[in-house]
Amino acid sequence: MAALAWLLIPFVAAIGAGLWGSWANRTRKMRGDGPELDGYARFRAAMEKSAGMERSHSGT
């Protein structure tokens, strides 16, 4: 009987871990890379604009 209890402990722990994992993942939504790529495009545009302004100021 004691051996059965020792086998039951990891089984219950595995079920508990599965339930917790599904609960922890319940609010995650599939989100694409759209917002990140849009932000990166704005960043690059700002850097290019800044670099253009530096070149025009250093040329005079």
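Analyst: Helices (H or I, at least four residues) and strands (E, at least two) are DSSP runs, numbered from the N terminus. This is a predicted model, where local features need pLDDT of at least 70, side-chain atom pairs count only at pLDDT 80 or more, and totals for chains, interfaces and linings use all residues. Residues are numbered from 1 along each chain as its sequence is written, and side-chain values use heavy atoms, with hydrogens and water left out.

The chain has two helices and zero strands. A salt bridge here is a side-chain nitrogen of Lys or Arg within 4 Å of a carboxyl oxygen of Asp or Glu, and the count comes to one. The partners are R44 and E48, whose closest N and O atoms are 3.7 Å apart. Side chains of opposite charge can pair when their charged atoms come close. Both residues sit in helix α2 (residues 34-58), and because they are four residues apart, about one helical turn separates them.

How open is this pair? Buried means under 20% relative accessible area, exposed over 50%, and partly exposed in between (1.4 Å probe, protein chains only). R44, at 42% relative accessibility, is partly exposed, while E48, at 52%, is exposed. As for the whole chain, 0% of its 60 residues count as buried.

For the other helix, L8 lies in helix α1 (residues 2-24) and is partly exposed at 49% relative accessibility.
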